[in-house]
Each structure stands twice: as C-alpha cells, then as structure tokens.
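These are my notes from looking things up in one structure. I wrote each entry as I went.

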Amino acid sequence: MHHVVMGDDPEVKAGKPSPDIFLAAMRRFEGNVEPSNCLVFEDAPSGVGAAKNAGMYAVMVPDPRLDISYHKEADQVLSSLLDFKPTEWGLPPFKE
C-alpha cells in the first residue's frame, strides 16, 4: 500500500456512506486520478455506497451471512478476494 487513509484523517469530514475517505485516498495518488479510474474493495454496504458516491467502482466481498439485497450497489460481488481476477478490470494479471 502506498498510502492509508483512516477515519480520523483531517480530510475525512464524514463517515461512510459519505465518499470523503475514498476521495482523500484518491487525491494522494501521483498525477491527476479520476474517480472513474478507481476500484474500491469493500465488505460493507455503507462502504460500497461510499465508493459509488465517490464515482468509483466497487467490488464487494461481503460476510456470507449478509442478505443479498445489500449487494445490489456493488459492481461485482465475490465470495473471497482470492476470486478477484484483475484482468476482468483491465488490470495486469497477478504474478505467480
């Protein structure tokens, strides 16, 4: 990880589903990064909502006990991070 943004960061004025935390993280990347070029991994509906409110894509890896009605905002829902295939998102494949 190049940088970590936590809830007590001065740039984070409101908690999820406000987009503050993801927008603060985006601004810390080098260059001019657009929200539409960001992919967020989340386990909670409020986090997915925050990503979508920021204009970002959201991959949800929810607790299996969470009702599937909470999955609808996510762009992709996975059972495990091990199921993530970066090439499906135009990213380079994992190295073996």
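I began with L39 and asked how exposed it is in this predicted model. L39 has a relative accessible area of 26%, so it counts as partly exposed. The limits I needed are under 20% for buried and over 50% for exposed, and partly exposed lies in between. L39 sits in strand β1.

Next I looked up what L39 touches. Setting aside neighbours within four places in sequence, I found contacts with Y57, V59, F84, W89 and L91. I also checked D75, which is 36 residues from L39 along the chain. The C-alpha atoms of L39 and D75 are 9.7 Å apart.

I then turned to the sheet. Which order do its strands take? The order is β1-β2-β3, in an open sheet of 3 strands with parallel pairing. The edge strands are β1 and β3, since each pairs on one side only. I looked at the link between β2 and β3 and found 2 bridges, with the strands running parallel. For M60, the bridge partner in β3 is V77.

Strand β3 covers residues 76-77, and I picked out Q76 there. Is Q76 buried or exposed? Its relative accessibility is 18%, so Q76 counts as buried, given that the limit for buried is under 20%. I noted two polar contacts of its side chain. One is with the side chain of E88, at 3.1 Å. The other is with the side chain of W89, at 2.9 Å. Leaving out residues up to four places away in sequence, Q76 touches A58, V59, M60, F84, E88 and W89.

I compared how exposed the two residues are. F41 is partly exposed, at 38% relative accessible area, whereas F84 is buried, at 9%. Ring pairs also bring in F94, giving a cluster of F41, F84 and F94.

My next entry is on helix α2, residues 45-53. Its buried residues include G47, V48, G49, A50 and A51. What do the buried residues of α2 pack against? They pack against α1 (20-27), β1 (39-42) and β2 (57-60). The helix α2 lies across β1 and β2, and runs at about 165° to β2. Just after α2, I found G55 with a positive phi of about 85°.

I finished with the largest nonpolar core, which has 17 residues. The residues with the most contacts inside it are V5, I21, F22, V40, V48, A51 and M56. Two or more residues each come from α1, α2 and β2. The largest share is 5 residues, and α1 supplies it. I took I21 from this core and looked up its contacts. Not counting residues up to four places away in sequence, I21 touches V5, M6, G7, V12 and K16.

How values were computed: Residues numbered from 1 in each chain as written. Predicted model: local features only at pLDDT ≥ 70, side-chain atom pairs only at ≥ 80, totals over all residues. Heavy atoms only, no water. Buried < 20%, exposed > 50% of the residue type's maximum accessible area, 1.4 Å probe, protein only. Helix = DSSP H or I, 4+ residues; strand = E, 2+ residues; numbered from the N terminus. Contact = heavy atoms within 4.5 Å. Polar contact = N/O pair within 3.5 Å; in protein donor to acceptor, adjacent residues only side chain to side chain. Core = buried A, V, L, I, M, F, W, Y, C linked by side-chain atoms within 4.5 Å. Phe/Tyr/Trp six-rings, centres within 6.5 Å; stacked < 30°, edge-to-face > 60°. Pairing = 2+ DSSP bridges. Axes fitted to C-alpha atoms, helices over the stretch in contact; angles between N-to-C directions.
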